[in-house]
Amino acid sequence: MPVEVTWWGHATCTVQDSGVRVLTDPLFARRFAHLRRRRGALPPPAAARAEVVLVSHLHSDHLHLPSLARLAPGTRLIVPRGAVRAVPGLRRLAAAGGHPVTEVAAGDEVKVEELVVRAVPAHHDGRRLPVGPHRSPALGYVISGAARTYFAGDTGLFDGMAEAVGEVDVALLPVGGWGPFLGHGHLDAARAARALAELAPRAAVPVHYGTYWPIGMDGVRPHEFHAPGDEFARHAARLAPGVVVHRPAHGESVRPEVSG
């Protein structure tokens, strides 16, 4: 199989293609801010090993400096344009760990050994804080090697999404969140299935659900924590019946069939 996807929880995945490990939005914390990890063991040290890390946007559950500090020295970082200016700690961390940082905007391509990583648009608030100027766009990424794997980051549906992303074999789509209500610029299970029907990959993996939840709110709309993966698979079977949906447990790897 040309590609292997390991889901570590939330939006954190390892995509291995052509012998190159790509890590997405690493978040290895048991607890941060008002959130705690409610499902899945903390990823092992091996989860932080990668040739390149993709950061989709600046929200602290996607650009988490303590988790980036666990990367091996020299690990390359690809981040949205303006991220280093917007998050001063990123510059310090990159210098301390010897991490080359490449800032990209939608349409940019970066060669990483045998792979090409292309940044694509996302419909999401890319600011570091809930207020303040937009200094950095939210992005998704298409990883092209033996397969084409789309990591959506955080996004809502938007016009021209399939055209912007292009033809892909595997789609890693967010289907939930970390609280009882999803704000603007997110995919829930139903909207993620609609996106899947537009993108029409061979395989899909739901992410960004069932990992973190606000402390003290376990009894508030718990179905929004537990149900999104199953709901996505059910909606996908109706809207995109030709797509194989893989639902790995935390720390589990899947090898989507992308040929034939």
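How many helices and strands does the protein chain have? The protein chain has seven helices and 17 strands; helices (H or I, at least four residues) and strands (E, at least two) are DSSP runs, numbered from the N terminus.

**Figure 1. Overview of the protein chain.** The model is predicted: local features need pLDDT of at least 70, side-chain atom pairs count only at pLDDT 80 or more, and totals for chains, interfaces and linings use all residues. Residues are numbered from 1 along each chain as its sequence is written, and side-chain values use heavy atoms, without hydrogens and water. Of the 260 residues, 54% are buried (under 20% relative accessible area; exposed is over 50%, partly exposed in between; 1.4 Å probe, protein chains only).

**Figure 2. The largest nonpolar core and I78.** A nonpolar core is a set of buried Ala, Val, Leu, Ile, Met, Phe, Trp, Tyr and Cys residues joined through side-chain atoms within 4.5 Å. The largest one has 52 residues, and I78, Y141, Y150, L196 and F232 have the most contacts inside it. Helix α5 (residues 189–199) supplies the largest share of this core, six residues. Beyond its neighbours within four places in sequence, I78 is in contact (heavy atoms within 4.5 Å) with residues including V52, V55, V104, V117 and Y141. Another core, of 20 residues, lies apart from this one and has W8, F28, A48 and L77 among its members.

**Figure 3. F232 in helix α7.** F232 is found in helix α7 (residues 228–239) and is buried, at 0% relative accessibility. Leaving out residues up to four places away in sequence, F232 touches L173, V175, A189, A192, A193, L196, A204, P206 and V245. F232 and V175 are 57 residues apart along the chain, while their C-alpha atoms are separated by 6.8 Å.

**Figure 4. Two loop residues with positive phi.** H10 is found in the loop between β1 (3–9) and β2 (12–17). Its phi is near 55°, a positive value in a residue other than glycine. A200 lies in the loop between α5 and β14 (203–207), and phi of A200 is also near 55°. Which of the words buried or exposed applies to H10? H10 is buried, with a relative accessible area of 2%, whereas A200 is exposed, with 52%.
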